[in-house]
Every structure is written in structure tokens, then in C-alpha cells.
Amino acid sequence: MVNGFTSSRHVLGMKGTRAERLISNADGMDAVVIANGGEPFLDSTFWYLSESNNGVFEGSFAIVSPGGELHIIVSQLEEEAARGGKGTVHVYTTRQERDDAIKEALKGCRKVGFNVQSVPYAYVKYVEKTVEGIEVVDATKAIDSTVSVKDEKEIEATRRACAISSKVAGEIPDMLSEGCTEKQVVARMDARMRELGGTGNAFDTIAAFGAYSSEPHHMPCDYALRKGDTALFDFGTKFDRYCSDMTRTVFLGKPPEVLERAYEVVREAQLAGIAEYRDGAEARAADLAARKIIDDSEFKGRFIHSFGHGIGMDVHQAISVSPRSNQVLKAGNIVSAEPGIYLPGIGGIRIEDTVLITEGGCEILTSFDHSFTVI
């Protein structure tokens, strides 16, 4: 039992390398090119395929050729980092050497897929010019369907990230006192996640006190915590590049009764949504189950975002757990479960966990006390 749910750690067996799985999902494509420009055009798919934990890899390419062969094309600056990962590494020192490596990796290819969500237009045109006769196609769907089903190595890294953020969640009450500011607590939380082995934030930590907690994406400010305030924290860390994502809501002293009622409704809604998480389930079922709990209460219409999203090397991946989603969940998906109620001028409640979809149901990877907590 995990937080009241029967679940199994067993996920579907996975065959082949990550590159082989990608090309098998790339229907009608001869090859897939992942091109890293400079910041902010760095694609996590590069690290997914190479399985390297190091390097920046600006100006580098990961090319999956027919049959699933992986070519990693890098400058001398990234050679050592690249050789610590997967694939055949090609090191260039001149523009011509890079051109030749790309031509060789795409030899005989006609339809070539790109991740159009992240690749700079200039890099697509560069490859088109370098390898004559190719047809550029959108590989986003193939990439999303591949990276959204996690292998055991990915699941273990996510477990480690979740264990770190869960420990910090348990320490939050001890970080709070009247007069502390949102920025001060965020600094302590971020430092603590690093102390515990996190390798960076999954995203900018949110701390929202008092009425600011009704803003789902509030930017921490110098507001000082007062008696009766809500204290909402949305945060996550990375471990081996994989993210955790969780939200904990507590109170400094007794809050307005409306927020206490809202907390209990959100907690019930999260349980209802998670009960729908399993292999083969429609993704929208979890959202609809949670939304019904909230909309049947006095807080109808105050759940203003979706129930969840995919989580991986990026804290937001392509799985949408929303009422409009047409996706079907698969064992190996990792998703959030985060219903909320937001009352402008009063405060907001959100409870969030990171959840692994399994063949037998689901496993909640984050852990903290979900009960109504007054400090």
C-alpha cells in the first residue's frame, strides 16, 4: 500500500537501446536529428540518448540512423564528456569535419526528423544545406512517446530526486516562523536540496505566503509570514538530470475556516485522481475525477489548471493529465498529481506528488504528511 493505494513497482519490460526505441517510434522517418544550439536551445533529448551526465554540448548533434545506430557529433571541448556516454562519438575540429560527420551519419537517408519544439531554425537549414536531398519532418510525437516511458535507470534517478525533495518537505515546518520571508525560505530549501545530493533545481522554487498563495506561479518576494497565513511551496530537485516535483501547503497558526475546508477538499480530490492512475487508463480520467470532487463542493470553478503533467529530464514533459487530453497512460510514465483551489485575496491550496504509472496501478514516489498542518 502507498498512501492508501495498492500499487506495483513492476513496469513493462523495455527492449532495445533508447536510440532503437526512438527510431522504431519514428514512423516513416529514416533518421532523427537532435541539434543543440546555444542557450536556451539545449534539448534534453541529447542527454537522454547519450546517457551522459556531463557536458554542455553546445553546437553538438545526436543523430539516430536507420537501425537505431546513435552518432554523437561534438567538438574537442566536449570529447571527454561524450565518450563517457553512449553512441559512436565523432569529434570535429573544423566546420568541414562536422559537415562530413553529419553527412556520414545521414548517408542514404531521405526523411529526417527534427525536434521542432527545441531546434533552432538555423540548425535545420544548416543540416538541409549540408546533406542535400533530405526532407525535414517533425519528430516531436516520436520523441515524446519515447521519452515518456521510463526505463529502470530513469525511474531510479527519479526516485532519488523524489527522496531528496521529500526530506526537504518534511523539514519545511522547522524553517518557518513569523517574520521569515518567502525569499529566505526558498534559499534554505534550495541549499538543503543541494546538501542532500540534488544536482540542481527542477525549476525555480515557489514559496507563496498569505494571499499570494492564490497565484499558482507566484514569484517569491520579501513578504513576511504572519499568523494565520497559508504557506505554499512548489519545488523539486534533479538527480542525474531527472526531476522531482511536489507541492506542500501548511499554515502558520489557524487560518480562515474557508481555507481549512478547501484543504480537505483538495486532499480528497488528489486521492480521487490518483485512484485513476494505472496502465491503460485514459489520462483525462484522473483530472475529471479530481475536478468532480472540487466542483461538487463550495469551490466550484476554483481548480484552474490541469491535474498533472509528465515529468522526466524536463519537469514538464508531453503527457497531459487534463480534461481535454486524448492520451492513454502507460506503465513507465511518470506524472504529477496536483489539484488545487485558489481564492484571490484570501489564499490557495495545492497538494502535489510525483507518481509512477505501473502495470498494477501506480506508485507515489514523493512522500510527506498530507494532513492539515498548523505550525
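Me: Thanks! How many helices and strands are there in the protein?

Reply: There are 10 helices and 18 strands. Both are DSSP runs numbered from the N terminus, with at least four residues (H or I) for a helix and at least two (E) for a strand. Before we go on, note that this is a predicted model: local features need pLDDT of at least 70, side-chain atom pairs count only at pLDDT 80 or more, and totals for chains, interfaces and linings use all residues. Residues are numbered from 1 along each chain as its sequence is written, and side-chain values use heavy atoms, with hydrogens and water left out.

Me: New topic: at what angle do H4 and H5 pack?

Reply: Helix H4 (residues 95-105) and helix H5 (residues 121-130) pack at about 75 degrees, and their axes are 10 Å apart. The axes are lines fitted to C-alpha atoms, for helices over the stretch in contact, with angles from 0 to 180 degrees between N-to-C directions. That makes H4 roughly perpendicular to H5. For the wording, under 35 degrees is roughly parallel, over 145 roughly antiparallel, 65 to 115 roughly perpendicular and the rest oblique.

Me: Which residues make the contact?

Reply: H4 brings Arg95, Arg98, Asp99, Ile102 and Lys103, while H5 brings Tyr126, Val127 and Thr130. Contact here means heavy atoms within 4.5 Å.

Me: Where is threonine 158, and is it buried or exposed?

Reply: Threonine 158 sits in helix H7 (residues 152-175). Its relative accessibility is 2%, so threonine 158 counts as buried. Leaving aside neighbours within four places in sequence, threonine 158 is in contact with Tyr242, Cys243, Ile334, Thr354 and Leu365.

Me: What about threonine 237, where is its place?

Reply: Look in the loop between strand E8 (229-235) and strand E9 (238-239). Threonine 237 counts as buried too, at 0% relative accessibility. Not counting residues up to four places away in sequence, threonine 237 touches several residues, including Ala161, Met193, Tyr242 and Cys243. Its C-alpha atom is 8.2 Å from that of arginine 194, which is 43 residues away along the chain.

Me: Which residues does a cis peptide bond join?

Reply: That bond joins glutamate 39 and proline 40, with omega at about 5 degrees. Proline 40 is in the loop between strand E1 (31-35) and helix H2 (44-50).

Me: Last one: what is the phi of phenylalanine 57?

Reply: Phenylalanine 57 has a positive phi of about 60 degrees, although it is not a glycine. You'll find phenylalanine 57 in the loop between H2 and strand E2 (61-64), and at 1% relative accessibility it counts as buried. Arginine 241 also has a positive phi, about 80 degrees, but arginine 241 is partly exposed, with a relative accessible area of 24%.

Terms used:
Buried < 20%, exposed > 50% of the residue type's maximum accessible area, 1.4 Å probe, protein only.
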